[in-house]
Each structure stands twice: as C-alpha cells, then as structure tokens.
Amino acid sequence: MQSTAPRPSGFTVPIDLTINGQSNHLDVAPWTTLVDLLREDLQLTGTKKGCDHGQCGACTVLIDGVRLNSCLILAVTRNGADITTIEGVGTLDNLHPVQRAFVEHDALQCGYCTPGQICSAIGLLREGKATSRAEVRELMSGNLCRCGAYTNIADAVEDVLFESHREAAE
Amino acid sequence: MKRFDYIKPTNVDEAVAALASNVGAQLIAGGTNIVDLMKYDVAAPSLLIDINGLALKDIEALPKGGFRIGALVSNTDIAYHDGIQRHYPLLSSAILAGASPQLRNAATAGGNLLQRTRCYYFYDPSTPCNKRQPGSGCSAIGGVNRIHAILGASPSCIAVHPSDMCVALAALDAVVEVTGPNGRREIAFADFHRLPGDTPEKDNTLAFGEIVTGIRIEGQPDPTHHTYLKLRDRLSYAFALISVAVSLDMDQRVISGARVALGGVAHKPWRDRQAEAALIGRDPSESDFRTFATTLLAPAKGQGGNDFKIPLAEKAIVRALRQAVAGTPQVQSVKAIA
C-alpha cells in the first residue's frame, strides 16, 4: 500500500473552459477554486467572493446554464464547461432583463451580492420551478444580502418571472 | 488548502483501484462538502480522485417499480424527477428542504450520503474532536451543543448527521449499492450510517476502498400519506434542529404501514420499528401520535444546550403524523405549518 506524497506546488493540469463565449486553454493547479481562477487569474472580478464556504451565494455563476457556487468548485473538475459570469450577462447599453429589473426595483444597496443574485435569478428563471412569490423567495434563499434588500430583490425577480410568463403565453 | 495529487479515472474499477491503493486518497464529485472541509484543513487528502467521469449519472426505472439513482445524479435532478415526484414525493420534499438551489445543483446523491457532520468543533481544528482526531476528546460535550444529538450519542461524540435526503431514504428503506476491491455489495439504508460508539471517526459502514455507485428505492408506499417536516433556526437554507419524515399506508382511516425517520437528532437517521409497529391497525387519534412520539423519544437525553430538542421533537412528530394521515404534506416553499 502506498501513500502518495503530495505533488509540489508547481503541479498543474491542462483544462479548457469557455468563459462568456471565449475559449480558454488553462493550466490550473488542482487546488484552485473557480472563483479564484476567475478573479485572480482571469481578472473577471465581477464574480464576488463573500464567505468562500458556499453559505452566501455571492460567487454564483452559471455553468452549462446551471447556477452554482464557484467557491466550492475546483476548476480542474469542470474541464470542458461553458461558464457565464456577470461580465457575460449583459452590457451597459444592453442590460439583461434581470439587470434591468434590479435597477428598476432598486434591488440593492452596496451591490456586493448583486452579481451573484443576478446569476442566481437567471438560473432560477431557466429552471422554471418558481410560480409564486413564496417560491421565488425560497428558490433565491441561497443568496444572502447583508443590506437586506430582499423585498426589492424578490420584486425584481417576480417582475421578470411574470413578464416571461406573459411572453411564453403570447 | 493543503496541496494534493489529482487523477480523473474513467470507470468505477479504476476509481476503486486508486482509492484502495492510497491511504490518503479521497473522492470528489460535486465538491460542496469536501472542498469546504479542505479549506478548513479538516480534510487534507494526498490524492483527490475526481469521479465525475464515471457513468453513474442516470435515474433508472426498475422493472418491478422503484428507481435506481446513480451516485452522480445531482440532488436537484432527483428532487424534480417526474417519477420520483409521483411515486416518492417524500424524497423530493426532503431534498428541497435542504441546502440552497446552487448547492443542490452541485451536490450528488452519493455525496449527500457521505457528507460530514456540521458540528462546530469538528470544523474547527484548534479544538479537540474525536471524529476529526480520534482520542483527542469531544468539545461539544459540556460545550456549545445546541445542534447536537439527543439519541444514540456516546461519551466520544454527540454529532448529528446533517442530511435531509437521508432521512427520507431511511423512511423509504432504500438500499445503497457499493463497489470495492472485493466486488459489489448492497447495504440496507438502516445499516449504512452508524452510531458513534467509541469510533466516531467512522460515519458509515463502507469498507476501505469502497465507492457508493447508486441508491435503490423499491418499496411502493402510498404517495398520498407522507410529509417531511423540518424545523430550524431560520426558515430556509439551514440545517435541521429536528426533522421528521413520515410515510404511511392507509386503508381507509386505518394505518396499514408506518415508516417514520427523524433527522437532526442522531449520528444517523433515527427509526424505531417497534414504535412504528404499534401504529399499524390504528384509526389514529392525537393520543396515538403522542404515544408514538413518547415511545420513540423514551431513550432521548439532552446535553444542556440541546435539551429543548426533546419536547420540540415530540411536537414535531405529532404534527408530522397529523399531516401525513390527513394527506396534507408540508410544502417546502410555504413556511406555515399545517
């Protein structure tokens, strides 16, 4: 029986990630979390590191369209993934409907949790499981807001949800 | 995080071989618990075996009813699976009571079973903990123990298993399928997790080198008479102080089958089959529910900070049985308790 000695700190693994539509070939140390890869190596600082333990949701990104906490993901385990961060969600000239709703409903104060809230809301809308305010609140419960803008966040998400219901019905 | 080696096997046999030949190896799938434990230096594997390439990602309908859930199916995909929602709504409900959507999207079926306790002292390497460092002592006994066990604890450990999904799987008499160096075997759910005794470092009965490959649910419980009632310090996104999974079969007003599991109270989902048997044949009244709760909780013992859990569990059991009999299960997005 052997006990593998840990590799020296120079050990990297090659991976390919599509990030906001751009292909990236990267050599990553296997202990690099996705949030650190995005923020420190790729300068995509829109994704925020809050608790770094999966408790606050500030680091939420979309991976293959699914919302996930990037602080609990080792980048090496997501070789081949298609990642959307807040930088890929909309532009200043062409806001995503969720971004527009957050502005309209004043759904933030300091803004630190907002990129995660918006990515999470986009994931929620894609999942299609929320049909009421109670369900919006429950299914947004993975995103904490220390400023307590929850009422307006729920208003913003509800607005887009029912708007998209109207569009789907038309 | 301590440095480690990394491999990604492409099949179960390769993964088992790697796990069984490296004492410092651990598996990673969704990563929601192991990555967190590594950040706190509670886990420090020398080799991380990434099992995301294994073909364990399907939910398969079984010929005689029931499902085999691959170990790598996400918690979300189990909870929202049409057949599981229809035939095993208790399982869906329990999963949706736990964690957050982001975590459920990442966390796998196998990882849910294998997640570690959230005891504060287990997570804090500056304090003694027999589960983290055998023989070092238990800081929770005589310490802050609001969230800790009232049933099945030992002088070595009073930690509780944190899962919601496992409480439902215990009530549904699931079977865990595993593969190890000596081949495949099955473990009844009741025998999968264990009580701490004097070896609290062992959460379960997996042998060295064994990998969970799937979970089978085969019973045909009446899907109408169930509930998953979870009580916690806030209404969402918190671990259970007490949870109750109930699955009843009813013949008109009479109970013909009863399976009740408790979460948040012990080192494993807690059942008392003798107490359950006493419910059979009853056209149940509130006093039957109270008798059941009292019987089940007879061996309960508080640790000071968690004494409140004993009367809370009694009330929760009575309430959950009432919900299940009435066919009005707790809805996880509606916080009012019927």
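Is A:Leu139 buried or exposed? A:Leu139 is buried, because 24 other C-beta atoms lie within 10 Å, where a residue counts as buried if 20 or more other C-beta atoms lie within 10 Å of its own, as exposed if 12 or fewer do, and as partly exposed in between, with C-beta atoms placed from the backbone. This is a predicted model, in which local features need pLDDT of at least 70 and side-chain atom pairs count only at pLDDT 80 or more, while totals for chains, interfaces and linings use all residues. Residues are numbered from 1 along each chain as its sequence is written, and chains are lettered from A and ligands numbered from 1 in the order in which they are written.

**Confidence**
- The model scores ipTM 0.96 and pTM 0.97.
- Chain B averages a pLDDT of 97, and 100% of the residues score at least 70; pLDDT is the predictor's confidence in each residue, from 0 to 100.

**Surroundings of A:Leu139**
- A:Leu139 has its place in helix H4 of chain A, where helices (H or I, at least four residues) and strands (E, at least two) are DSSP runs, numbered from the N terminus.
- Leaving aside neighbours within four places in sequence, A:Leu139 is in contact with A:Leu124, A:Lys129, A:Ala130 and B:Pro101, and two residues are in contact if their C-beta atoms, placed from the backbone, lie within 7 Å.
- A:Lys129, one of these partners, is ten residues from A:Leu139 in sequence and 8.5 Å from it in space, C-alpha to C-alpha.

**Where the chains meet**
- The contact between the two chains takes 35 residues from chain A and 33 residues from chain B.
- On the side of chain A that touches chain B, the elements that give two or more residues are strand E4 (66-69), helix H3 (114-127) and helix H4 (133-139).
- By class, this side of chain A has 15 nonpolar, 14 polar and six charged residues; Ala, Val, Leu, Ile, Met, Phe, Trp, Tyr, Cys and Pro count as nonpolar, Asp, Glu, Lys and Arg as charged, and the others, Gly among them, as polar.

**Inside chain A**
- Chain A is divided into domain 1 (13-88) and domain 2 (97-169), with bounds that come from an automatic or database domain assignment.
- The centres of these two domains of chain A, taken over C-alpha atoms, are separated by 22 Å, and their contact takes 15 residues from domain 1 and 13 residues from domain 2.
- On the side of domain 1 of chain A that touches domain 2 of chain A, strand E3 (60-63) and E4 give two or more residues, and E3(A) gives the most, with three residues.
- In helix H1 (residues 34-41) of chain A, the buried residues are A:Leu34, A:Val35, A:Asp36, A:Leu37 and A:Leu38, and what covers them includes strand E2 (22-28) of chain A.
- H1(A) is followed by A:Gln43, whose phi is positive, near 55 degrees.

**Chain B as a whole**
- Chain B contains twelve helices and eleven strands.
- The radius of gyration of chain B, taken over C-alpha atoms, is 20 Å, close to the 20 Å that the globule rule gives for 338 residues, so chain B is as compact as a globular protein of that length; the globule rule is 2.2 Å times the number of residues to the power 0.38.
- Along its principal axes, the C-alpha trace of chain B spans about 60 × 50 × 35 Å, and buried residues make up 52% of the 338 residues.
- The domain assignment of chain B gives domain 1 (5-50) and domain 2 (226-326), whose C-alpha centres lie 36 Å apart.
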